[in-house]
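Hi there,

Here is the structure I promised to pass along.

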Amino acid sequence: MLRIHTLASGSSGNCALIEAGVGLDRVVLCLDSGIAQRTARGFAEAAGLSMTSVDAVLLTHRHSDHSANIVSTASRAGAPLYAHSESLSTNKRTSWAEITRRKVEVRHFDDRGFFKIGPLVVTPIKLPHDAEPTFGFVFETDTAKAGFFTDFGRPEILMEPGLLDGMETLVLESNHDVDMLAKGPYPYALRQRVGGDLGHLSNEQTFEILASSAPKTLKRLVLAHLSLKNNTKEIALESAQRALTQRGLSEVNLQIAPARGFLASDAVQA
Ligand SMILES: [Zn+2]
Ligand SMILES: [Zn+2]
């Protein structure tokens, strides 16, 4: 069993829970913690899970919409924090003093260096983003495979042959519509940042990934980290659906990770 529950997604905060294995082997991981802990706890409970009993906490990158509460979340759960060393200590809340004070055990990972948490094999994949380094993750059990990729500005990395093969679930950024960003409310510098090579994926770039590389095994696609100002759910869904259809995958269950509130990918059960 491998299930991804998104609890929050987007520039106002990110948090997801990854549930894997059954019985005594079962583990739950928290991926990023950028929303208030009380809110996260409520969403986790709605999903039938508990933030304070997660077995591990993972950090994608240092941006505060992902890292703000990562140390306190690991501390409260008494769980190890898996992170790249350069993603920590970039602000007070992730400082080594705070990590020590809260008695959090840090385990470092690096690009493509897989590690195991119970029955789950986790492989970090480095992504081009303006918080160096930033990672997406491949999650695998004996019977299922999923991917989680947000916060990157160029699509090529996910078009690498074989990277997505075998996945039943994919959580993938579809941040903005290029026209809406160009005509939208953001100041010039921020538009350049978001739309740049180290920013966020546009719907068009997400389309490129899906149309060229969506695996034939795919059952569920969750579009994530949508901009509330420079995108609409309708445009993002229409674009991804067109890509899936072009790829011969029109039956894939397509959803959007809400900015707040839980969404469970329960299609991946084995
Ligand atoms: Zn982000
Ligand atoms: Zn980011």
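Predicted model: local features only at pLDDT ≥ 70, side-chain atom pairs only at ≥ 80, totals over all residues.

Now the overall picture. The protein chain has 8 helices and 14 strands. Its radius of gyration is 17 Å, close to the 18 Å that the globule rule gives for 270 residues, so the chain is as compact as a globular protein of that length. The C-alpha trace spans about 50 × 45 × 35 Å along its principal axes. Of the 270 residues, 50% count as buried.

Asp 32, in strand β3 (residues 27–33), has a positive phi of about 70°. Asp 32 is buried, because 28 other C-beta atoms lie within 10 Å. Arg 112 also has a positive phi, near 70°, and lies in the loop between β6 and β7 (115–117). Arg 112 counts as exposed, with 11 C-beta neighbours inside 10 Å.

Lastly, take a look at Val 104, in the loop between α4 (96–101) and β6 (106–108). Val 104 is buried, with 23 other C-beta atoms within 10 Å. Beyond its neighbours within four places in sequence, its contacts are Val 71, Ala 74, Ser 75, Leu 81 and Ile 99. Ala 74 is 30 residues from Val 104 along the chain, yet their C-alpha atoms are separated by 6.5 Å.

Best wishes

Notes: Residues numbered from 1 in each chain as written. Chains lettered and ligands numbered in written order. Helix = DSSP H or I, 4+ residues; strand = E, 2+ residues; numbered from the N terminus. Buried ≥ 20, exposed ≤ 12 C-beta atoms within 10 Å, placed from the backbone. Contact = placed C-beta atoms within 7 Å. Rg over C-alpha atoms; globule rule 2.2 N^0.38 Å.
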